[in-house]
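Please read the points below alongside the sequence and the 3D view.

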Amino acid sequence: MGLEGKSAIVTGAARGIGYAIARRFANDGAKVVLADVDEKRGQEAAESLADVGTVSFVHCDVGEKLDVRNLVAATLEQHGEIDILVNNAGIIHGCSFLELEEADFDRVLRINLKGMFLVSQAVARYMVERVEGGGEPGAIVNMSSINAVFAIPDNVPYSVSKGGVNQLTKVMALSLAPYGIRVNAIGPGSIMTDMLSTITTDEAARNKVLSRTPLGRIGEPHEIAAIAAFLASSEASYMTGQTVYADGGRLPLNYTVPVPDAS
Ligand code: NAP
């Protein structure tokens, strides 16, 4: 889908949704740098995609400015340019509002929101310079969540961070529009990754999710990757500042749906 030869960075790509996006981009002909804090899994992820396309791994903690600088420099060294950034790295921390520790609030905000800002600013500065030199604008895709809109009482910093992601997406889109650089976000519902592992082990938790999912199933990472591929491509050339929700119908639902007995 128009990603042939493009140079892309995907953060948090060692597993889950980020890995599926990296696979999809590589399959569509992009040169992909997987960035992640998990060195071992990141290397293995890159190796597992070697047959699919041009893929490499760069260690990066998105909340660390020096790591971010290194990520941009390493990508430019490897591919000479950056056309696409997917800010996917994110963590969750479950705890009640009254019990939540300051350090855990900071930890989630540091990765989910500040990290997205740091990587975006570093890449956008490069993209703007390229446009000013007569080059092509790029595209940025941020990973939000339906929790940017909904609230779960035991996921305080996560919901707050994703609300911030939607606003960051809008301000970045407006700031970069004069250069033709597009910025959009994806808001997944419940997607089958390690982040949602309780769903596979706890039937009550799974049924709770399904009772709020009209399509009647948990989403798959490749279904989010398909949206990332669209938003990153010129097929989405007139879209900026938007969050696209892929949630099996949860946002329009102001009730619950019946869940068939799994046994
Ligand atoms: P995941 O399976 O936990 O994968 C996230 C990856 O990000 C992991 O490899 C993780 O490494 C890495 N990471 C964590 N902190 C990082 C940092 N500081 N710098 C760079 N990488 C870091 O999560 P996922 O389910 O694929 O979620 C990916 C994104 O989608 C997140 O932003 C999440 O909020 C969003 N999302 C997910 C769902 C869902 O249902 N799964 C729904 C809505 C939105 P470690 O393993 O070492 O922590």
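1. Helices and strands here are DSSP runs, numbered from the N terminus: a helix is H or I over at least four residues, a strand is E over at least two. By that count, Tyr158 is placed in helix 5.

2. On sources: this is a predicted model, in which local features need pLDDT of at least 70 and side-chain atom pairs count only at pLDDT 80 or more, while totals for chains, interfaces and linings use all residues. Residues are numbered from 1 along each chain as its sequence is written, and side-chain values use heavy atoms, with hydrogens and water left out.

3. The shell around the ligand has 29 residues, and Ile17, Asn88, Tyr158, Ile191 and Thr193 come nearest. A residue is near a molecule if one of its heavy atoms lies within 4 Å of it. Helix 1 (16–27) and helix 5 (156–176) each give this shell at least two residues.

4. By class, the shell consists of 14 nonpolar, nine polar and six charged residues. Nonpolar covers Ala, Val, Leu, Ile, Met, Phe, Trp, Tyr, Cys and Pro; charged covers Asp, Glu, Lys and Arg; the others, Gly among them, are polar.

5. The side chain of Tyr158 has an N or O atom 2.6 Å from an oxygen of the ligand. On its own the ligand has 890 Å² of accessible area, and the protein covers 91% of that. Such areas come from the Shrake-Rupley method with a 1.4 Å probe; for residues, only the protein chains shown count as cover.

6. Is Tyr158 buried or exposed? Tyr158 counts as buried because its relative accessibility is 8%, where buried means under 20%, exposed over 50% and partly exposed in between (1.4 Å probe, protein chains only).

7. Leu98 sits in the loop between strand 4 (84–87) and helix 4 (102–132). Its relative accessibility is 77%, so Leu98 counts as exposed. Pro153 is 55 residues from Leu98 in sequence and 9.9 Å away in space, C-alpha to C-alpha.

8. Ile111, in helix 4, counts as buried because its relative accessibility is 17%.

Note on methods. Polar contact = N/O pair within 3.5 Å; in protein donor to acceptor, adjacent residues only side chain to side chain.
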